[in-house]
Amino acid sequence: MQISWKKHLGNSRPLAGLVLVFLLGILLSPRDSAGDIIFLSAGNLSDVLLQQSEIGIIALAMTLVIIGSGIDLSVGSVLACAASVAGLVLVRWQPFSGGGTVPTAVALALAAGAAVGTVNGLVITRLGLQPFVMTLATMIGVRGLTRWLTGNTNVDFAFGDSASARFAATFSHKPFVIGAWVALAVIVHLVLTRTVFGRYLRATGENERAAFYSGLPIRAVRLATYIGCGALAALAGLIHAARSFQGNPNDGVAYELDAIAAVVIGGTALAGGRGTVIGTMTGALLLGLLTNLLRLRMVDSNVELMIKAVLIVAAVWLQRRGGREL
């Protein structure tokens, strides 16, 4: 019973942090001309959800990868690649004169992300390269490929009734983006907690050798997580392109670090085997609200980075301390 209470306490730490940041937001937020708290306004809070959606979607996929004792540093480059591929199809290539351009752009961008994930997964599972090394290599290589494809220039969308304008209106629509993030969170949660794949993934991350001798398909499980991670990073890229109204080959830098930070703050063990989608969502929201509050207070962006660094170190320290207590 004592262990159960300590586990419950450990799982509630990210939520306690989120509540603390929310209360600080109320106390420290500036007020508008009517005297209302800007932090609490519906527009501000929904903007936080919208702005965190890209990192949040990537963090969902990163949760699965890390639970399987892996890591994926290429997601930021995949985001830029997917955004640029979509931009190229919508603006420069335009393979269809009718209504097929937007579906083609979406399909090719998602396929590009899944392809990068497939390469990552195959090399890691078949050739035995460390996930850190392999995904670091693809992070660099995919960035170079994206810049080559676009000629190292932005692909700006058109306005009016063009295919790129219709794409941007759909994929930047606030309810659509937030709804997609929440729906994906539910799906990933169910996959992790209600399926055989989820049990295999936890077992693989907790003790790979034991999982191997138990006959679990650890290679297939890991390959699937990297393919899914690439596809979700590409989806985040589509949202990013729509919101910024362009495909920029240089976007997405350090997104992998923000996603990993959300996962770690949410309580997922970097050693693998343990983690929850609810924790990751909490971590992403905590970072979003903290960033929002600091910007409302016009805190220097460099100070913002230092505060986030301290937060990540504190989260990992609490995680390790909780592990020893259990």
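Me: In this predicted model, which helices each supply at least two residues of the lining of the second largest pocket?

Reply: Five are to be named here, namely α2 (42-67), α10 (218-244), α11 (255-265), α12 (277-296) and α13 (301-325), each of which supplies at least two residues of that lining. Among the contributors, α11 gives the most, with six residues.

Me: How should I picture the second largest pocket, and what volume does it have?

Reply: Rolling a probe the size of a water molecule over the atoms shows where empty space is left. Here the second largest pocket has a volume of about 590 Å³, and of the 26 residues that line it, the closest to its centre are Gln-52, Ile-55, Asp-258, Thr-291 and Lys-308. The lining divides into 15 nonpolar, six polar and five charged residues.

Me: Is Gln-246 buried or exposed, and with which side chain does its own side chain make a polar contact?

Reply: Buried means under 20% relative accessible area, so Gln-246, at 15% relative accessibility, counts as buried. Gln-246 is found in strand β2 (residues 246-247), and its side chain makes a polar contact with the side chain of Asn-154 (3.3 Å).

Key:
Residues are numbered from 1 along each chain as its sequence is written. This is a predicted model: local features need pLDDT of at least 70, side-chain atom pairs count only at pLDDT 80 or more; totals for chains, interfaces and linings use all residues. Side-chain values use heavy atoms; hydrogens and water are left out. Helices (H or I, at least four residues) and strands (E, at least two) are DSSP runs, numbered from the N terminus. Buried means under 20% relative accessible area, exposed over 50%, partly exposed in between (1.4 Å probe, protein chains only). A polar contact is a pair of N or O atoms within 3.5 Å; within protein, one must be able to donate a hydrogen and the other to accept it, and residues adjacent in sequence count only if both atoms are side-chain atoms. On a 1 Å grid over the protein atoms alone, a cavity is a set of points where a 1.4 Å probe fits but cannot get out, and a pocket is an open set with protein on both sides within 12 Å along at least five of seven lines; lining residues have an atom within 4 Å of a point. Grid points are joined across faces, edges and corners, and a volume is the space filled by probe spheres set on the points. Ala, Val, Leu, Ile, Met, Phe, Trp, Tyr, Cys and Pro count as nonpolar, Asp, Glu, Lys and Arg as charged, and the others, Gly among them, as polar.
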